[in-house]
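Open the model in your viewer and keep the selection tool at hand. The stops below say what to select next and what is there.

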Amino acid sequence: MDYSEQYLAQRAQSSKSAPSSANLYATSFNSRPERRRRRWTLTKRTVLSADDIDRAITRISHEIIESNKGAGNLVLLGIPTRGVYIAERISKIIFQHSSISVPTGRLDVTLYRDDLSAQPTRAIGETVIPSVGIAAKTVVIVDDVLYSGRTVRAALDALNDHGRPSAVRLAVLVDRGHRELPVRADFVGKNLPTASSERISVSLEEVDGVDEVVIED
Amino acid sequence: MKNLLSAGDLDRNQTISILDLAHEMDEVNDREIKKLPTLRGKTVVNLFFEDSTRTRISFELAAKRLSADVISFSAKGSSNSKGESLKDTAQTLEAMGADVIVLRHSASGSAHQLATSGWVKSSVINAGDGTHEHPTQALLDAMTIRQSMHADPRGCDLAGIRVLIVGDIAHSRVARSNLILLRLLGAIVGICGPATITPKSLIEDGHSFSLLDEALEEFEPDVVMMLRVQQERMSSSFFPTEREYSKFWGLNHVRLAKLSPNAIILHPGPMNRGLEIDAAAADSDRSRVLNQVKNGISIRMAVLFSILTGEKGKSA
């Protein structure tokens with residue numbers, strides 16, 4: 001989800017402009033004095049390890065098969081960037097257990113977002129709908145973090161333009177609360193109650209070289 | 001990005017990101033439901049003081065596919081024929097709530113004037129101003145070339161690709177924008193045309209040829225971009241007869257055979273068949289004229305998206 005990407009971008013930027021921690025402190029003190037104590041006590045907690053992520057994704061995969069009564073008629077659509085890789089992992093696990101290869105694609109929702117005029121112009125990612133299409137299928141939307149619910153709202157609109165699925169389900173690795181829309185996930189890897197000032201960053205081996213979920217305050 | 005007035009407004013990264021955006025937008029044009037909600041509630045005004053088919057329709061379709069409201073204005077049948085000035089027309093349209101004005105005008109520099117003189121607050125896209133520039137055409141040409149040269153064009157530039165622009169360089173806004181943009185992307189641009197309508201500065205630049213046969217042999221282009229002979233912009237005769245033009249600079253079946261195996265042909269349209277290009281070339285499988293038209297919609301969607309989204313005042 002974009003939340004963790006935002007964080008990564010910020011981290012890259014701050015490490016460029018302020019290489020030492022003393023500098024980091026100085027910059028934040030000058031620009032945002034009220035954040036001083038927080039910055040000083042910056043905490044980083046790993047909430048899900050590689051094994052935890054593995055187990056969570058495996059459980060989600062089994063739950064999907066269970067609620068769908070088998071792996072037939074399914075389509076998995078990951079939301080870029082990390083949702084795509086989670087969807088591929090789910091598809092792999094479902095294949096190991098049922099020998100059915102579930103068509104997996106990616107759904108970029110940028111053009112359907114409601115905050116396009118509130119943020120810098122975004123790049124658009126690729127959308128790949130599996131050749132079987134989504135009409136009359138059970139589509140599982142896969143994302144890494146469920147937060148405000150706005151990404152999912154955009155994804156539902158995007159799906160609409162590609163066909164009419166018989167049902168749409170939502171699988172997320174982390175549900176951190178703070179919903180702004182009436183959205184609920186069907187399959188959740190881990191519920192992580194958070195404060196909105198905290199940042200959750202999901203790293204996956206395919207993109208970041210390591211599997212972990214970290215909370216930063 | 002606030003305005004798009006010249007291909008020179010763009011840097012390399014911006015250009016590549018617009019081309020990448022257009023590449024993704026292209027996918028929408030192949031869908032059954034060709035519509036995105038992205039620009040809902042925005043108003044695009046096509047202000048066309050000069051005749052145009054493809055550019056106007058292309059901008060109109062691009063805006064509609066992104067769910068913007070579009071008003072197309074053409075000088076004929078409007079208050080313009082009663083003598084209303086560009087300033088008054090533009091201000092009237094802005095008062096009606098235009099977010100972007102897409103301007104085509106026969107006066108060079110008109111888009112720049114409209115955008116920078118404080119007449120209007122809306123964004124301005126130059127859709128061709130006189131003999132000056134036509135940046136969206138250059139972008140769609142770059143997109144077409146990139147598509148033909150790379151299996152996966154995303155993120156690529158045009159490094160080392162040899163593009164030959166043939167014809168009326170001096171009067172062509174397409175050529176001017178293309179020269180800026182293609183060179184920015186790393187292409188090697190050659191020009192060829194009658195000396196009377198080739199700017200002197202470009203002749204001194206090298207890669208300039210007076211005859212098409214000579215250019216095809218020495219320059220060995222990957223892309224041949226034929227320009228339209230623009231009779232309406234020529235105040236005097238720059239070449240003796242049309243027959244002579246077609247004999248020395250027309251792309252005919254003999255010259256077609258001289259092209260390298262993967263070379264492609266571009267033409268911004270409308271084509272003067274039999275003058276600068278003959279039917280054998282225009283209808284050959286090297287011709288990418290219809291791809292250009294199709295890419296035009298995607299490019300204009302990408303440009304409208306870049307201009308109309310993003311925080312006011314700052315954009316990536």
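Select chain A and look at its contacts, where two residues are in contact if their C-beta atoms, placed from the backbone, lie within 7 Å. Of the contacts in chain A with a separation of 6 or more, 68% are between residues 24 or more positions apart. This is a predicted model, in which local features need pLDDT of at least 70 and side-chain atom pairs count only at pLDDT 80 or more, while totals for chains, interfaces and linings use all residues. Residues are numbered from 1 along each chain as its sequence is written, and chains are lettered from A and ligands numbered from 1 in the order in which they are written.

Stay on chain A and colour it by secondary structure. Chain A has seven helices and eight strands; helices (H or I, at least four residues) and strands (E, at least two) are DSSP runs, numbered from the N terminus. Chain A has 217 residues, and 36% of them count as buried. A residue is buried if 20 or more other C-beta atoms lie within 10 Å of its own, exposed if 12 or fewer, and partly exposed in between, with C-beta atoms placed from the backbone.

Next, select the contact between the chains. Chain B brings 18 residues to the contact and chain A brings 14. On the side of chain B that touches chain A, helix 1 of chain B gives the most, with five residues. That side of chain B has five nonpolar, six polar and seven charged residues. Ala, Val, Leu, Ile, Met, Phe, Trp, Tyr, Cys and Pro count as nonpolar, Asp, Glu, Lys and Arg as charged, and the others, Gly among them, as polar.

Now colour chain B by domain: domain 1 is 7-133 + 294-308, and domain 2 is 135-288. These bounds come from an automatic or database domain assignment. The C-alpha centres of the two domains of chain B are 25 Å apart. Where they meet, 24 residues of domain 1 of chain B are in contact with 23 residues of domain 2 of chain B. Which helix of chain B gives the most to the domain 1 side? Helix 1 of chain B does, with eight residues. The domain 1 side that touches domain 2 of chain B holds eight nonpolar, 10 polar and six charged residues.

Last, select residues 54-65 of chain B, which form helix 2. Its buried residues include F59(B), A62(B) and A63(B). The buried residues of helix 2 of chain B pack against several elements of chain B, among them helix 1 (12-29) and helix 12 (289-308). After helix 2 of chain B comes S67(B), with a positive phi near 65 degrees.

Conventions
The expected span of a helix is 1.5 Å times one less than its number of residues.
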